[in-house]
Amino acid sequence: ILFGPIFQKEVRTSGRRRATYIFRALYTLGLLVLVGVAFEGLRNTASIFSGVQRLQNLQQLAPQLALIIVWFQFVALALAAPIFTGPCICDEKRARTLSALLTTPMTAAQIVYGKLASRIVQLVILGLLAIPMLLAIRVFGGLNAEVVLAAAAISITTAILGAALGLMYSTWHTRAT
(Lines give C-alpha, C1' and ligand atoms only; values in the text may rest on other atoms or scores of the structure.)
Protein backbone atom coordinates (compact mmCIF):
# COMPACT_ATOMS: atom_id res chain seq x y z
CA ILE A 1 0.00 0.00 0.00
CA LEU A 2 2.96 2.35 0.61
CA PHE A 3 5.23 1.51 -2.30
CA GLY A 4 2.80 1.21 -5.20
CA PRO A 5 2.78 2.98 -8.55
CA ILE A 6 1.98 6.38 -7.02
CA PHE A 7 5.04 6.14 -4.77
CA GLN A 8 7.29 5.20 -7.69
CA LYS A 9 6.00 8.02 -9.88
CA GLU A 10 6.21 10.64 -7.14
CA VAL A 11 9.73 9.65 -6.05
CA ARG A 12 10.89 9.73 -9.65
CA THR A 13 9.36 13.13 -10.42
CA SER A 14 10.05 14.87 -7.10
CA GLY A 15 13.66 13.73 -7.12
CA ARG A 16 14.18 15.37 -10.50
CA ARG A 17 12.67 18.74 -9.70
CA ARG A 18 14.97 21.70 -9.59
CA ALA A 19 13.41 22.88 -6.30
CA THR A 20 14.43 19.62 -4.63
CA TYR A 21 18.08 20.18 -5.51
CA ILE A 22 17.92 23.82 -4.46
CA PHE A 23 16.31 22.96 -1.13
CA ARG A 24 18.89 20.26 -0.39
CA ALA A 25 21.72 22.63 -1.26
CA LEU A 26 20.29 25.43 0.89
CA TYR A 27 19.75 23.03 3.79
CA THR A 28 23.33 21.77 3.58
CA LEU A 29 24.74 25.25 3.14
CA GLY A 30 22.74 26.57 6.10
CA LEU A 31 23.95 23.67 8.21
CA LEU A 32 27.57 24.25 7.22
CA VAL A 33 27.39 28.00 7.86
CA LEU A 34 25.77 27.47 11.25
CA VAL A 35 28.36 24.88 12.25
CA GLY A 36 31.22 27.06 10.99
CA VAL A 37 30.06 30.09 12.95
CA ALA A 38 29.41 28.03 16.08
CA PHE A 39 32.75 26.21 15.77
CA GLU A 40 34.67 29.43 15.34
CA GLY A 41 32.95 31.04 18.31
CA LEU A 42 33.49 28.04 20.57
CA ARG A 43 37.09 27.63 19.41
CA ASN A 44 37.93 31.26 20.09
CA THR A 45 36.72 30.96 23.66
CA ALA A 46 38.91 27.89 24.13
CA SER A 47 42.01 29.57 22.69
CA ILE A 48 42.50 31.88 25.66
CA PHE A 49 43.43 28.90 27.82
CA SER A 50 46.59 26.86 27.57
CA GLY A 51 47.50 23.20 27.77
CA VAL A 52 45.13 20.90 29.60
CA GLN A 53 42.41 23.52 29.99
CA ARG A 54 42.26 23.96 26.22
CA LEU A 55 41.85 20.20 25.71
CA GLN A 56 39.10 20.07 28.30
CA ASN A 57 37.30 22.95 26.62
CA LEU A 58 37.64 21.26 23.22
CA GLN A 59 35.99 18.15 24.67
CA GLN A 60 32.99 20.29 25.53
CA LEU A 61 32.94 21.55 21.96
CA ALA A 62 31.46 18.37 20.48
CA PRO A 63 28.31 18.25 22.65
CA GLN A 64 27.68 21.96 22.12
CA LEU A 65 28.10 21.68 18.35
CA ALA A 66 25.90 18.58 18.32
CA LEU A 67 23.20 20.46 20.19
CA ILE A 68 23.32 23.28 17.64
CA ILE A 69 23.17 20.86 14.69
CA VAL A 70 20.34 18.83 16.22
CA TRP A 71 18.22 21.91 16.89
CA PHE A 72 18.82 23.20 13.36
CA GLN A 73 17.88 19.84 11.91
CA PHE A 74 14.80 19.52 14.12
CA VAL A 75 13.44 22.95 13.25
CA ALA A 76 14.31 22.74 9.55
CA LEU A 77 12.70 19.32 9.10
CA ALA A 78 9.63 20.29 11.12
CA LEU A 79 9.14 23.29 8.84
CA ALA A 80 10.03 21.51 5.60
CA ALA A 81 7.68 18.57 6.06
CA PRO A 82 4.39 20.45 5.60
CA ILE A 83 5.97 22.42 2.75
CA PHE A 84 6.77 19.18 0.94
CA THR A 85 3.38 17.54 1.44
CA GLY A 86 1.11 20.59 1.34
CA PRO A 87 0.72 20.70 -2.44
CA CYS A 88 0.38 16.91 -2.98
CA ILE A 89 -3.38 16.57 -3.36
CA CYS A 90 -3.96 20.28 -4.04
CA ASP A 91 -1.93 20.05 -7.25
CA GLU A 92 -3.99 17.07 -8.36
CA LYS A 93 -7.21 19.01 -7.68
CA ARG A 94 -5.95 22.15 -9.40
CA ALA A 95 -4.73 20.23 -12.46
CA ARG A 96 -8.06 18.33 -12.48
CA THR A 97 -6.28 14.98 -12.54
CA LEU A 98 -7.59 13.73 -9.21
CA SER A 99 -10.82 12.43 -10.71
CA ALA A 100 -8.86 10.54 -13.38
CA LEU A 101 -6.57 9.17 -10.68
CA LEU A 102 -9.55 7.98 -8.65
CA THR A 103 -10.92 6.02 -11.63
CA THR A 104 -7.91 3.71 -11.57
CA PRO A 105 -8.11 0.42 -9.66
CA MET A 106 -6.12 1.97 -6.80
CA THR A 107 -7.92 2.88 -3.63
CA ALA A 108 -7.85 6.38 -2.17
CA ALA A 109 -5.68 5.07 0.66
CA GLN A 110 -3.09 3.77 -1.80
CA ILE A 111 -2.95 7.17 -3.51
CA VAL A 112 -2.61 9.12 -0.27
CA TYR A 113 -0.12 6.72 1.32
CA GLY A 114 1.94 6.60 -1.87
CA LYS A 115 2.19 10.38 -1.97
CA LEU A 116 3.01 10.52 1.74
CA ALA A 117 5.69 7.83 1.50
CA SER A 118 7.34 9.55 -1.47
CA ARG A 119 7.61 12.83 0.42
CA ILE A 120 8.90 11.04 3.51
CA VAL A 121 11.75 9.67 1.39
CA GLN A 122 12.79 13.25 0.58
CA LEU A 123 12.59 14.21 4.26
CA VAL A 124 14.64 11.21 5.37
CA ILE A 125 17.33 12.19 2.87
CA LEU A 126 17.43 15.66 4.43
CA GLY A 127 17.47 14.16 7.91
CA LEU A 128 20.40 11.94 7.09
CA LEU A 129 22.49 14.81 5.69
CA ALA A 130 23.52 15.93 9.17
CA ILE A 131 24.63 12.51 10.43
CA PRO A 132 28.11 12.53 8.82
CA MET A 133 28.79 15.94 10.34
CA LEU A 134 27.61 14.80 13.76
CA LEU A 135 29.75 11.70 13.55
CA ALA A 136 32.74 13.77 12.43
CA ILE A 137 32.63 16.05 15.48
CA ARG A 138 32.87 12.99 17.69
CA VAL A 139 36.64 13.37 17.16
CA PHE A 140 36.64 16.05 19.86
CA GLY A 141 35.14 13.56 22.33
CA GLY A 142 32.17 13.70 24.65
CA LEU A 143 29.57 12.59 22.10
CA ASN A 144 28.18 9.07 21.72
CA ALA A 145 26.98 7.58 18.46
CA GLU A 146 23.71 6.61 20.18
CA VAL A 147 22.98 10.28 20.83
CA VAL A 148 23.54 11.08 17.16
CA LEU A 149 21.20 8.33 15.99
CA ALA A 150 18.57 9.20 18.60
CA ALA A 151 18.60 12.85 17.56
CA ALA A 152 18.21 11.89 13.91
CA ALA A 153 15.33 9.56 14.77
CA ILE A 154 13.53 12.26 16.75
CA SER A 155 13.93 14.78 13.94
CA ILE A 156 12.75 12.35 11.29
CA THR A 157 9.70 11.23 13.27
CA THR A 158 8.74 14.87 13.87
CA ALA A 159 9.09 15.44 10.13
CA ILE A 160 6.85 12.44 9.43
CA LEU A 161 4.20 13.93 11.74
CA GLY A 162 4.45 17.27 9.95
CA ALA A 163 4.25 15.54 6.58
CA ALA A 164 1.12 13.65 7.59
CA LEU A 165 -0.50 16.85 8.85
CA GLY A 166 0.45 18.69 5.67
CA LEU A 167 -1.08 15.95 3.55
CA MET A 168 -4.24 15.98 5.67
CA TYR A 169 -4.67 19.70 5.10
CA SER A 170 -3.88 19.18 1.43
CA THR A 171 -6.91 16.91 1.10
CA TRP A 172 -9.17 19.47 2.79
CA HIS A 173 -8.16 22.55 0.78
CA THR A 174 -7.76 23.44 -2.87
CA ARG A 175 -4.69 25.66 -2.42
CA ALA A 176 -1.47 24.57 -0.74
CA THR A 177 -0.92 27.90 0.98
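Helices here are DSSP runs of H or I with at least four residues, numbered from the N terminus. The model shown in every view is predicted.

**View 1. W71 and F74, an aromatic pair within helix α4.** W71 and F74 sit three residues apart in helix α4, so about one helical turn separates them. Their ring centres are 5.8 Å apart. The ring planes meet at 85 degrees, so the pair is edge-to-face; the cut-off for that class is over 60 degrees. W71 counts as exposed because its relative accessibility is 51%, and exposed means over 50%. F74 has 26% relative accessibility, so F74 counts as partly exposed.

**View 2. F3 and F7, another aromatic pair.** A search of the whole structure gives five aromatic pairs. One of them joins F3 and F7, whose ring centres lie 4.9 Å apart. The planes are at 80 degrees, so this pair is edge-to-face. F3 is exposed, at a relative accessible area of 59%. F7 is buried, at 13%; the limit for buried is under 20%.

**View 3. T85, a buried residue in helix α4.** T85 belongs to helix α4, which covers residues 61-85. Its relative accessibility is 0%, so T85 counts as buried. Which residues does T85 touch, not counting residues up to four places away in sequence? The contacts are L116, R119, G162, A163, G166, L167 and S170.

**View 4. A nonpolar patch on the surface.** Five side chains make up this patch: I22, L26, L29, V33 and V37. Together they have about 480 Å² of accessible area. Two of the members, V33 and V37, are taken up in the next views.

View 5. V37 lies in helix α2, residues 18-46. Is V37 buried or exposed? Its relative accessibility is 58%, so V37 counts as exposed. V37 belongs to the nonpolar surface patch that also includes I22 and L26.

View 6. V33 counts as partly exposed because its relative accessibility is 48%. How many residues apart along the chain are V33 and I131? They are 98 residues apart along the chain, and their C-alpha atoms are separated by 16 Å.

Terms used
Residues numbered from 1 in each chain as written. Predicted model: local features only at pLDDT ≥ 70, side-chain atom pairs only at ≥ 80, totals over all residues. Heavy atoms only, no water. Patch = residues over 30% accessible without salt bridge, like charges linked within 9 Å, V, L, I, M, F, W, Y side chains within 5 Å. Areas by Shrake-Rupley, 256 points an atom, 1.4 Å probe, with all protein chains shown as cover. Salt bridge = Lys/Arg side-chain N within 4 Å of Asp/Glu carboxyl O. Helix = DSSP H or I, 4+ residues; strand = E, 2+ residues; numbered from the N terminus. Buried < 20%, exposed > 50% of the residue type's maximum accessible area, 1.4 Å probe, protein only. Contact = heavy atoms within 4.5 Å. Phe/Tyr/Trp six-rings, centres within 6.5 Å; stacked < 30°, edge-to-face > 60°.
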